[in-house]
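Dear colleague,

Please find below the structure I am handing over to you. My findings on one of its sheets and on its salt bridges follow.

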Amino acid sequence: MLNISSLNNVQNLSAYVLAILNKLEPILERLDAAKLDDSSEVEISNERGDWVLRLAIVPADVNIPLLSLSASSQYCILAFAEGEQIECHSNPEADESLVDMVVESSEKYLGGITVIESYNRNGKLIRKECFFGMDAGNDEKSKIGTSSYFLVFPKKVYSTKKKTFRFLK
């Protein structure tokens with residue numbers, strides 16, 4: 001599904017984007033296709049004269065947040081856990097730690113994510129917390145995002161639901 005070897009225009013990518021792609025290739029080869037939605041993709045396109053690498057890892061479970069990478073010579077954005085987690089909009093080529101941060105975060109996310117949803121007594125979602133890892137929960141070191149739904153009342157947590165998801169075989 002996400003076959004990097006068949007990508008066209010790889011030679012047009014900037015050096016740091018190519019480094020990201022090369023380091024992500026062995027990780028993406030280990031993805032379990034049964035856990036991915038058909039809309040998952042990796043592509044290289046020319047947008048406004050700049051070559052862009054786009055990667056979208058969409059889980060088969062709609063309750064698990066997707067991973068999205070968009071990288072060009074002008075910017076790099078890695079988003080997961082329902083928000084932008086790593087982004088660089090000023091000369092990403094010069095940021096020496098950017099490639100390692102993107103690859104490390106992507107690998108952690110694909111290796112396992114835990115989502116804890118908190119509901120009120122009416123069954124309405126009031127908070128969703130995402131953590132790296134399969135056994136994570138309320139661990140500040142592995143926390144990667146929290147979504148709060150401010151217009152849902154009452155705010156008191158009545159029940160929680162914990163979901164874990166691993167993309168890799």
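In what follows, a residue is called buried when its relative accessible area is under 20%, exposed when it is over 50%, and partly exposed in between. Please note that this is a predicted model.

An open sheet contains four strands in the order β8-β7-β6-β9, paired antiparallel. Its edge strands are β8 (143-148) and β9 (159-165), each of which pairs on one side only. On average, neighbouring strands of the sheet are turned by 15° against each other, direction ignored. Within the sheet, β6 (residues 113-119) and β7 (residues 125-132) run antiparallel and are joined by seven bridges.

Ser118 belongs to strand β6 and stands opposite Arg127 in β7. With a relative accessible area of 2%, Ser118 is buried. Beyond its neighbours within four places in sequence, Ser118 is in contact with residues including Val157, Ser159 and Thr160.

The model has six salt bridges. One of them joins the side chains of Glu129 and Lys143 (3.0 Å, N to O). Because Glu129 lies in strand β7 and Lys143 in strand β8, this pair ties together parts that are 14 residues apart in sequence. Glu129 is buried, since its relative accessible area is 9%, whereas Lys143, at 27%, is partly exposed. Arg127, Glu129 and Lys143 are linked in a network of salt bridges.

Glu104 also forms a salt bridge with Lys108, with the closest N and O atoms 3.7 Å apart. These two residues, Glu104 and Lys108, are four residues apart in helix α2 (residues 98-111) and are therefore separated by about one helical turn.

With kind regards

How values were computed: Residues numbered from 1 in each chain as written. Predicted model: local features only at pLDDT ≥ 70, side-chain atom pairs only at ≥ 80, totals over all residues. Heavy atoms only, no water. Pairing = 2+ DSSP bridges. Axes fitted to C-alpha atoms, helices over the stretch in contact; angles between N-to-C directions. Buried < 20%, exposed > 50% of the residue type's maximum accessible area, 1.4 Å probe, protein only. Contact = heavy atoms within 4.5 Å. Salt bridge = Lys/Arg side-chain N within 4 Å of Asp/Glu carboxyl O.
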